[in-house]
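Colleague: I'm new to reading models like this one. Could you walk me through how the labels get decided?

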Amino acid sequence: MKILSKSKFYLLQFILLLSCTWVQAQITDVPTEKDFETELIKAQRVIKVGEGHYFIDFGKAYFGTVVLHSKQLQSDSLIVRLGEKLAASNQIDRKPGGTIRYQQVKLDQLQANEDVVVALRPDKRNTKPVAIHLPESFGVIMPFRYCELENLQIPIEEIEISQKAFYYQFNDEAGTFTSSDTVLNAVWDLCKHTIKATSFTGYYVDGDRERIPYEADAYINQLSHYACDNVYSLAQRSNEYFIQHPTWPTEWLLHTVMLFYQDYMYTGDLKLLEKYYDVLKIRTLMDLEREDGLISSKSPKLNAELKTKLGFKNPNTNVRDIVDWPAGQKDTGWKLATKEGERDGYEMVKINTVVNSFYYYNMHLMAEIAGYLGKTDDVEFFQQKAENVKKVINEKLFDKERGIYVDGEGSTHAALHANMLPLAFDIVPEEYKKSVAEFIKTRGMACSVYGAQYLLEGLYNANESEYALQLITETESDRSWWNMIKVGSTMAMEAWDMKYKPNSDWNHAWGTAPLNIITRYMWGVTPKTPGFTSVQIKPQLSDLNSSEIKVPSKHGIIEGKYSLTTEEEERYEIKLPKNMDGEFVIVGSKTEVRLNNRLMNCDVKAVKLKEGMNILLIKRD
């Protein structure tokens with residue numbers, strides 16, 4: 001073997017680095033300052049807690065720092081504390097635990113008549129080379145809601161105190177929601193604020209601990225972002241990032257096709273599908289198929305060559321199934337509230353029901369993508385694969401006696417996840433939807449905030465809207481979005497509570513499932529055709545007496561109003577923007593349907609909507 005001299009070795013390393021940088025530059029449109037907005041937010045409360053000691057509450061956590069503008073000079077030092085969490089009334093928690101943020105800064109003096117931007121210390125982990133880096137002009141920023149000033153020797157009235165917030169361009173009025181349920185409204189607001197505030201890097205990152213994009217996190221982030229704004233560049237940039245930066249979980253790789261598919265459905269822009277079609281085919285993991293069509297991450301086919309094709313820089317990357325996170329206590333080494341973690345006791349067998357459910361969905365979506373690209377042979381190829389995978393899942397991973405799915409081949413254990421994924425992806429045969437849904441309802445919220453996305457999708461697909469709404473608006477259990485609000489967070493948390501994931505942060509967009517579920521399933525507003533030229537609206541509003549929603553699209557805002565009249569008649573007002581038509585799908589039985597005061601056939605399952613105002617009146621049994 002020929003040994004390279006040290007100088008040649010370093011030269012090759014330098015060339016490789018330049019090559020990687022060039023490739024990333026071709027793929028990723030790196031965000032610049034013009035993509036972001038900064039806002040100076042005034043305090044909602046300023047409270048004197050001692051001599052020269054003040055507590056300031058800005059109302060919500062943002063990523064940023066504090067700006068002080070004093071009319072007088074303070075030549076003595078000033079202590080500034082920032083944090084996300086309270087230890088007690090009017091006191092920031094200085095040991096908040098996990099990855100909840102706190103920092104103390106000492107200013108040598110406070111200058112008069114100038115903006116003093118408090119300089120923060122960088123975090124070691126989220127500023128590593130693998131993390132997403134911010135524009136230099138931002139300085140160091142952190143998430144915080146509260147501020148304390150100590151040793152202030154001039155009147156507080158002489159100082160303007162502002163929270164300087166950084167976030168990606170965002171239209172607060174593009175997507176809105178309200179209803180007769182105040183808890184539901186609070187959960188929506190929590191999730192919407194999360195989407196806005198966590199956009200501070202210009203990518204869909206996994207929160208402040210790492211500031212790294214992960215496919216599954218990004219998918220929920222993407223869907224929730226689409227529910228409240230029609231700026232698509234952040235999603236597209238994040239999707240392209242994954243082409244060169246795949247992550248290790250099997251299921252996360254299988255989210256890649258889902259990310260690109262949703263981008264096309266909302267934007268109608270084929271560019272990224274055309275550019276990365278061959279990469280997406282590899283990311284389906286169909287190379288891992290065994291003879292019957294099912295896949296396993298334990299397959300010997302998952303070798304260094306395939307990992308390189310998948311985009312991993314390290315061909316020895318340990319690609320493995322995740323199901324949900326965190327895993328059990330024995331796997332993580334963490335002291336968890338439940339020894340099984342967030343997997344509901346899932347048995348991690350080689351042929352995994354969750355993994356193969358995602359694989360089926362990838363085949364189904366690739367058939368659609370191939371059709372949009374005019375690849376007729378591939379349409380048939382992927383359709384046949386999808387049909388076969390669904391068939392084999394139902395033959396080998398379904399227990400007909402119990403009417404539910406088991407965790408995988410050879411397993412008799414049936415976890416929540418093994419059933420909610422087939423229900424979410426329309427794998428369950430019609431005659432078994434009820435038994436699968438009933439089993440799911442016995443498990444409660446036995447999944448993480450990430451898993452809740454697919455639990456809720458599955459429930460709405462099975463017309464279990466009442467139970468889905470109960471889960472979203474739960475207030476008694478700590479496995480709920482209300483618990484996030486109750487403990488004091490103003491963004492969705494990484495886990496239901498710190499006891500379920502000890503290193504959790506308080507700013508994780510993968511916890512925003514209710515935002516996109518309310519839009520896409522409760523109100524049922526989704527693109528019927530790519531680019532939203534036609535919309536489908538399929539409401540399942542359960543026990544709500546009233547609701548209003550605005551859903552952004554590239555054509556403008558879709559508006560919906562719902563009310564239950566005194567005659568128990570459902571009234572919907574649907575306003576579509578120009579260049580959009582649609583259909584309104586009626587779920588459940590009804591005795592009378594009127595569209596714009598015209599009586600429709602009582603058997604009608606869907607009515608056509610036109611641009612402008614559409615008024616529907618529906619009477620039930």
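Colleague: Let's start with a loop. Between which helices does Pro326 lie?

Modeller: Pro326 sits in the loop between α8 (304–310) and α9 (329–332). Keep in mind that this is a predicted model.

Colleague: What makes the peptide bond from Trp325 to Pro326 cis or trans?

Modeller: Look at omega: for the bond from Trp325 to Pro326 omega is near 0°, and the bond is cis. Most peptide bonds are trans.

Colleague: And what about phi of Asn90, positive or negative?

Modeller: Asn90 has a phi of about 65°, a positive value, although Asn90 is not a glycine. You'll find Asn90 in the loop between β5 (86–88) and β6 (91–92). Asn597 is another non-glycine residue with a positive phi, near 70°. Asn597 belongs to the loop between β20 (592–595) and β21 (598–599). As background, most residues other than glycine have a negative phi.

Colleague: Is Asn597 called buried or exposed, and how do you know?

Modeller: Exposed takes over 50% relative accessible area. Asn597 has 64% relative accessibility, so Asn597 counts as exposed.

Colleague: Then how do you know whether Met142 is buried or exposed?

Modeller: Buried means under 20%. Met142 comes out at 5% relative accessibility, so Met142 counts as buried. Met142 is in strand β9 (residues 142–150). Setting aside neighbours within four places in sequence, Met142 is in contact with Tyr62, Phe63, Gly64, Leu82, Arg101, Tyr102, Gln103 and Leu120.

Colleague: How far apart are Met142 and Phe166 in space?

Modeller: Their C-alpha atoms are 9.9 Å apart, and in sequence Met142 and Phe166 are 24 residues apart.

Colleague: What about Glu464, buried or exposed?

Modeller: Glu464 has 17% relative accessibility, so Glu464 counts as buried. Glu464 is in the loop between α14 and α15 (465–472). Beyond its neighbours within four places in sequence, Glu464 is in contact with Ala437, Glu438, Lys441 and Leu459.

Colleague: What makes you say that α15 is mostly covered?

Modeller: Of the 8 residues of α15, 6 are buried. Those buried residues are Ser465, Tyr467, Ala468, Leu469, Leu471 and Ile472. The buried residues of α15 pack against α2, α13 (433–443), α14, α16 (481–487) and α17.

Colleague: How does the reach of helix α11 (residues 376–396) compare with what is expected?

Modeller: Helix α11 has 21 residues and reaches 30 Å from its first C-alpha to its last, close to the 30 Å expected at 1.5 Å a residue. The buried residues of α11 are Asp378, Val379, Phe382, Lys385, Ala386, Val389, Val392, Ile393 and Asn394. Among the elements covering them are α7 (271–283), α10, β12 (398–399) and β13 (404–405). In general, an α-helix has 3.6 residues a turn, so residues three or four places apart point the same way.

Colleague: On to the pockets. Which element gives the most to the lining of the second largest pocket?

Modeller: That's α10, with 6 residues. The second largest pocket holds about 880 Å³ of space. Its lining has 28 residues, and Tyr361, Asn461, Tyr521, Thr526 and Gln536 lie nearest its centre.

Colleague: And what volume does the largest pocket have?

Modeller: About 1,200 Å³. The largest pocket is lined by 45 residues, with Val130, Ala131, Ile212, Pro213 and Tyr241 nearest its centre. By class, that lining has 24 nonpolar, 12 polar and 9 charged residues. The largest share of the lining, 4 residues, comes from α1.

How values were computed
Residues numbered from 1 in each chain as written. Predicted model: local features only at pLDDT ≥ 70, side-chain atom pairs only at ≥ 80, totals over all residues. Heavy atoms only, no water. 1 Å grid on protein atoms, 1.4 Å probe; cavity = no way out; pocket = protein on both sides within 12 Å on 5 of 7 lines; lining within 4 Å. Points joined across faces, edges and corners; volume = space filled by probe spheres on them. Helix = DSSP H or I, 4+ residues; strand = E, 2+ residues; numbered from the N terminus. Nonpolar A, V, L, I, M, F, W, Y, C, P; charged D, E, K, R; others polar. Buried < 20%, exposed > 50% of the residue type's maximum accessible area, 1.4 Å probe, protein only. Contact = heavy atoms within 4.5 Å. Expected span 1.5 Å × (residues − 1).
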